[in-house]
Amino acid sequence: MQVVPNSESIDSKKKQVEDMFDDIAPRYDRLNRILSFRIDTLWRTKVRKLLAPHQPKNILDIATGTGDLAIELAKLKPEEIVGLDLSAEMLDHGIKKIKQKELQSTIKMVKGDSEALPFANESFDAVTVAFGVRNFENLNQGLSEIFRVLRPSKQLVILEFSKVKSFPFKQLYHVYSRYIIPTIATFLRSSKAAYTYLPNSVAVFPEGEEMCLILKKNGFKSVECKKLTFGVASIYYCEK
């Protein structure tokens, strides 16, 4: 079952996701920090630390949004980071942040489709995706493209929301994600629909062992899954 931001729209999921992020871009960073209690910054730090021993020179950050993970990965001192996203508005906000941090010589922001990456085979030492694979219209196509542009024996790290399963955190998070988050989003003049889509998409997206199996079927090896913050999110780490 595929969940889309607007079930009444005849547009593809890809187009709906692009429009949704264009709409919420001006308030995206502020809402993220409020709704996650800044825990999302700790999760991105974990992604960076996983890649640190490998010292990647060229990194592709897919679904980069406003560039939070790309900015965090710049601490690894790579030669180049390419941040790719469907949403021009998110990229524009990201470019402003990158300039403020004087990282424009390292981070390049590109508008593009994760399922048709505009890069040659074996172009990158590492690929990251933070909270983006859940929005792919075709998950296997997106993973196949990542496999294509990643160099042999190099790393893919995915950070994605997952389902909280332990009592009482499961019940608490259910109330928070389905009722409190959309209410806060509305109060802060953001799209209630976008933040209703969040828990709905998480509920049907493959996670844990199922996601690991999908990664293996797409050619990745040494696949590991690390649960974060009572299972609110997961990190998937693997190699080509």
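Predicted model: local features only at pLDDT ≥ 70, side-chain atom pairs only at ≥ 80, totals over all residues.

**Notebook: strands, helices and a few loops**

I began with strands β4 (residues 124–130) and β5 (residues 150–161), which run parallel and are joined by 6 bridges. For pairing, I required at least two DSSP bridges between two strands. Helices (H or I, at least four residues) and strands (E, at least two) are DSSP runs, numbered from the N terminus.

Residues are numbered from 1 along each chain as its sequence is written, and side-chain values use heavy atoms, with hydrogens and water left out.

**The sheet**

Next I traced the sheet. I found 7 strands in an open sheet with mixed pairing, in the order β3-β2-β1-β4-β5-β7-β6. β3 (107–111) and β6 are the edge strands, each pairing on one side only. On average, neighbouring strands of this sheet are turned by 15° against each other, direction ignored. Axes here are lines fitted to C-alpha atoms, for helices over the stretch in contact, and angles run from 0 to 180 degrees between N-to-C directions.

Then I followed β7 (233–239). It pairs with β5 in the antiparallel sense over 7 bridges, and leucine 156 has cysteine 238 as its bridge partner in β7.

How many residues of β7 are buried? I counted 7 of the 7, so β7 is largely enclosed by the rest of the structure. Buried means under 20% relative accessible area, exposed over 50%, and partly exposed in between (1.4 Å probe, protein chains only). In a regular strand the side chains alternate between the two faces of the sheet. Here both faces are covered: Ala233, Ile235, Tyr237 and Glu239 are buried on one side, and Ser234, Tyr236 and Cys238 on the other.

**The β6–β7 turn**

I looked at the hairpin next. β6 and β7 have 4 residues between them, and threonine 229 in the turn has a positive phi of about 50°. Phenylalanine 230, in the loop between β6 and β7, also has a positive phi, near 60°. Most residues other than glycine have a negative phi, which is what made me write these down.

Leaving aside neighbours within four places in sequence, valine 232 is in contact (heavy atoms within 4.5 Å) with Trp43, Phe161, Ser162, Val164 and Tyr173.

**Helix α5 and its surroundings**

Helix α5 (residues 139–149) lies across β1 (58–62), β4 and β5, running at about 145° to β5. I then checked α5 against helix α8 (residues 208–217): their axes come within 10 Å and cross at roughly 55°. The two are therefore oblique to each other; angles under 35 degrees count as roughly parallel, over 145 as roughly antiparallel, 65 to 115 as roughly perpendicular and the rest as oblique. Leu139, Asn140 and Leu143 of α5 make the contact with Met211, Ile214 and Leu215 of α8.

In the loop between β4 and α5 sits phenylalanine 131, with a positive phi near 55°. Phenylalanine 131 is buried, at 10% relative accessible area.

Serine 114, in the loop between β3 and β4, counts as buried at 11%. Apart from neighbours within four places in sequence, its contacts are Ile62, Leu84, Phe136, Gly142 and Glu145.

**Helices α1 and α2**

My last entry is on helix α1 (residues 13–36) and helix α2 (residues 39–51), which pack at about 95° with their axes 7 Å apart. They are therefore roughly perpendicular to each other. Asn32, Arg33 and Ser36 in α1 meet Ile39, Asp40, Thr41 and Arg44 in α2.

Aspartate 29 lies in helix α1 too. Leaving aside neighbours within four places in sequence, aspartate 29 is in contact with Thr66, Asp68 and Lys97. The C-alpha atoms of aspartate 29 and aspartate 68 are separated by 8.8 Å, though the two are 39 residues apart along the chain.
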